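Student: I would like to learn how to read a protein model. Please take me through it feature by feature.

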Amino acid sequence: MSNKQDIIDFLDQNQGKFIDVSDKIWDNPEIRFELKESADTLIEVLSSEGFSVERNVAEMKDAFIATYGSEGPVIGFLAEYDALSNLSQVADELTKKPIKEGAYGHACGHNALGAGSLAAAVAIKEYMNKNNMKATIKFFGCPAEESGSGKAFMAREGVFKGVDSLITWHPWTENKIWGTSSLANFQVYFNFKGVSAHAASAPHLGRSALDAAELMNIGVNYLREHIIDEARVHYAYLDVGGQSPNVVQPTSSLLYFIRAPKSQQVKEIYDRIVKIAQGAALMTETELEIKWDSACSEYIINDVLGKVMYENMELVGEIDYTDEEVNYAKKYVDTLDSVSILNHEKTMKNYFNGLPAQELESVIKAPLIKKLVPYSMIDKALPGSTDVGDASFNAPTVQLTAACYPAGTAPHSWQWVATGKSSILHKGLIYAAKVMAMTALDLLESPETINKAKEEFDERLGGQSYQNYIPLDVKPVQ
Ligand SMILES: [Zn+2]
């Protein structure tokens, strides 16, 4: 018989250690593949807890796998710890105020994400030890979620193969099961090289790379009518060739994000965009270079695991907030504009549509969302992408979001950085760790559930195996 109270007690008693990890990573934000201090911070705890650690996974120096045990079912936890550029922010400030202009900041809560997964992995390890259970716990330290798709490179190397179930979470504004798919995404550079010339005296000698980029974008904008509605194609100019109109611009560079519900659909659109780019180069007599940044797959949901996790969310119960915490959150809700407030109300109405009007109103108005969002699992892609998709293609995967931030505040905002060391976030982190460790325990105690999750996984994949579209010669940018 399992005793989940042991897990809850362990995490309550040892929470300081994991909260310190989250705060330490927040204090020293790092981005993409350069995550030395953040990875060190997590590895230090894992090593001291008896996990064996393998670093430099999939040619990324700050990617790692920490393993405990070598027998029985294999449960994996996914961890992220990368920050975002240009989002430096003083903690607990009520206005946008960078610690250092242009510096990095933890605006997506990955400081807590890594620490929460760490807490869960250590908690289940403790439980296994005490109860002489045979199992293998794997903790995957995954760099570059925000940009770079670290997990896609890890999946390309097959590191998630052989895992029975993968468990993860994301800090958010409410407690819910992540019950939707996400868009697959290719991120590719299109660089054009032309010939510069004086734009007035010798334009006939010039070949404009800027013209090529513009013609490519026009072609892609005509393509939009002939691709599926759910696809999203967006681009940014990284190089326009120069600032002087009297020079025929000799270089240009575009970064494209091409997204659709399935990787195969992205591939089809990508192939057509390549033809348009080639056409633009042909028209302008410029040279085209196509360079891949990364790609990620759609997220494969799992209803069997989702239900197990949801039961544990119900068991842990609502997070208790002090009046002080509610007031703190209220001050941040007051910094939101009317569009964000309306958006929040719409989301809450959608989540809690079964509630009586009065109760719904109190959820909408609350600065912190305590109520568990009713369970739902639908195979529809949210308009966003994550490299958790690549992991989820290799093992049945489940994730929750936990309330860590004031209601209505948005990921990648200064408000999320400012509140990223608050006791509200710390409570969310420990809540998530309890749910994840208890879910792991349910799986370890029920091989039947693991098998059912696998059956569903096979069914959803419908015979297709994981395909990584990043060309083999493309390495993660270090
Ligand atoms: Zn994130």
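Student: How many bridges join strand 9 to strand 10, and do they run parallel or antiparallel?

Tutor: Strands of a sheet pair through backbone hydrogen bonds, either parallel or antiparallel. Here strand 9 (residues 232–239) and strand 10 are antiparallel and are joined by seven bridges. Two strands count as paired if DSSP finds at least two bridges between them. His234 has Phe257 of strand 10 as its bridge partner.

Student: What should I know about the model before going on?

Tutor: This is a predicted model, in which local features need pLDDT of at least 70, side-chain atom pairs count only at pLDDT 80 or more, and totals for chains, interfaces and linings use all residues. Residues are numbered from 1 along each chain as its sequence is written.

Student: Which strands does strand 8 pair with?

Tutor: Strand 8 (residues 184–193) is joined to strand 10 (residues 251–260) by ten bridges, antiparallel. Nine bridges, again antiparallel, join strand 8 to strand 11 (residues 287–296). Phe192 shows both pairings: its bridge partner in strand 10 is Ser252, and in strand 11 it stands opposite Leu288. Gln187 stands opposite Phe257 in strand 10.

Student: Is strand 8 largely enclosed or largely open?

Tutor: Burial is judged by counting neighbours: a residue is buried if 20 or more other C-beta atoms lie within 10 Å of its own, exposed if 12 or fewer, and partly exposed in between, with C-beta atoms placed from the backbone. Seven of the ten residues of strand 8 are buried, so the rest of the structure largely encloses this strand. Over the protein, 49% of the 478 residues count as buried.

Student: How many helices and strands does the protein have?

Tutor: Helices (H or I, at least four residues) and strands (E, at least two) are DSSP runs, numbered from the N terminus. The protein has 15 helices and 13 strands. Its radius of gyration, taken over C-alpha atoms, is 24 Å, close to the 23 Å from the globule rule for 478 residues, so the protein is as compact as a globular protein of that length. The globule rule is 2.2 Å times the number of residues to the power 0.38.

Student: Into which domains is the protein divided?

Tutor: Domain bounds come from an automatic or database domain assignment. Domain 1 covers 4–182 + 298–461, and domain 2 covers 184–296. The contact between them takes twelve residues from domain 1 and eleven from domain 2; two residues are in contact if their C-beta atoms, placed from the backbone, lie within 7 Å. The centres of the two domains, taken over C-alpha atoms, are 36 Å apart.

Student: In what order do the strands of the seven-stranded open sheet come?

Tutor: The order is 1-2-4-3-5-13-6, and the pairing is mixed. Strand 1 and strand 6 (176–177) are the edge strands, each pairing on one side only. Inside the sheet, strand 2 (residues 60–68) and strand 4 run antiparallel, joined by five bridges, with Thr67 opposite Lys138 in strand 4.

Student: Where does Glu54 lie, and is Glu54 buried or exposed?

Tutor: Glu54 is part of strand 1 (residues 52–57). Glu54 counts as exposed because it has 12 C-beta neighbours inside 10 Å. Leaving out residues up to four places away in sequence, Glu54 touches Phe64 and Ile65.

Student: Which residues touch the most other members of the largest nonpolar core?

Tutor: A nonpolar core is a set of buried Ala, Val, Leu, Ile, Met, Phe, Trp, Tyr and Cys residues joined through C-beta atoms within 7 Å. In the largest one, of 143 residues, they are Leu118, Ala119, Ala123, Leu429 and Ala433. Helix 14 (residues 423–445) gives the most to this core, with 15 residues. The core draws at least three residues from each of domain 1 and domain 2. Among the residues that Leu429 touches, not counting those up to four places away in sequence, are Phe18, Ala119 and Cys404.
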